Amino acid sequence: MTEKLKSIVESLSELTVLEMSELSKLLEIKWDVKATAMAVAPMQTSDNSAASNEVEEKTSFDIKVIGFDPAKKLSLIKVVREINKDLTLTSAKEFVEKSSSEQPQMLISTDKVTSEKHKKAIEEAGGKVLVS
């Protein structure tokens, strides 16, 4: 580290929290930037146990209808109503008609097995589905 940088670090270390906050604002204005906290990835420990290397498995899957075959619209409306019992016939029809790749419609959030079953039913009824 150069003497110039050491001097700057020493000067900054003498500032109060309030002065640091003011300095941050002045630098944002001077350099036309925004100081924001960055997300920091958790550090990997040297522990090589299986527990530390496990990846958390996703347990909830969102089912979104992203389109449909117009010739099978009625079948898809019925399937949508079977999956989401809260929808009336009219709201299920509107739901299907609004679904597109530009405007995916969130149908339900469920577990992996059920989401696969619903995906298959929607596709068989002429719908295009995205599970995420």
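**Chatting through the model: surface, layout and a helix pair**

User: Hi! How much accessible surface does the protein have, and what share belongs to carbon and sulfur atoms?
Analyst: Hello! The accessible surface is about 10400 Å², and carbon and sulfur atoms account for 57% of that. Keep in mind that this is a predicted model.

User: Got it. And what percentage of the residues count as buried?
Analyst: The protein has 132 residues, and 20% of them count as buried.

User: New topic: how many helices and strands are there?
Analyst: The protein has 6 helices and 3 strands.

User: In what order do the elements run?
Analyst: Starting at the N terminus, the order is α-α-α-β-α-α-β-α-β.

User: What about contacts along the chain, what share join residues at least 24 apart?
Analyst: That share is 65%, counted among contacts between residues at least 6 apart in sequence.

User: Let's look at α4 and α6. Where are they, and at what angle do their axes cross?
Analyst: Helix α4 covers residues 73–83 and helix α6 covers residues 112–124. Their axes come within 9 Å and cross at roughly 160°. Because of that angle, α4 is roughly antiparallel to α6.

User: Is the crossing left-handed or right-handed?
Analyst: The crossing of α4 and α6 is right-handed.

User: Nice. Which residues meet there?
Analyst: From α4 you have Leu76, Val79 and Ile83, and they meet His118, Ala121 and Ile122 of α6.

User: How do those divide into nonpolar, polar and charged?
Analyst: The contact of α4 with α6 has 5 nonpolar residues, 1 polar and no charged.

Definitions and conventions: Residues are numbered from 1 along each chain as its sequence is written. This is a predicted model: local features need pLDDT of at least 70, side-chain atom pairs count only at pLDDT 80 or more; totals for chains, interfaces and linings use all residues. Side-chain values use heavy atoms; hydrogens and water are left out. Axes are lines fitted to C-alpha atoms, for helices over the stretch in contact, and angles run from 0 to 180 degrees between N-to-C directions. Helices (H or I, at least four residues) and strands (E, at least two) are DSSP runs, numbered from the N terminus. Angles under 35 degrees count as roughly parallel, over 145 as roughly antiparallel, 65 to 115 as roughly perpendicular and the rest as oblique. A crossing is left-handed if the near helix is turned anticlockwise from the far one by less than a right angle, and right-handed if clockwise. Contact means heavy atoms within 4.5 Å. Ala, Val, Leu, Ile, Met, Phe, Trp, Tyr, Cys and Pro count as nonpolar, Asp, Glu, Lys and Arg as charged, and the others, Gly among them, as polar. Buried means under 20% relative accessible area, exposed over 50%, partly exposed in between (1.4 Å probe, protein chains only). Accessible areas come from the Shrake-Rupley method with a 1.4 Å probe; for residues, only the protein chains shown count as cover.
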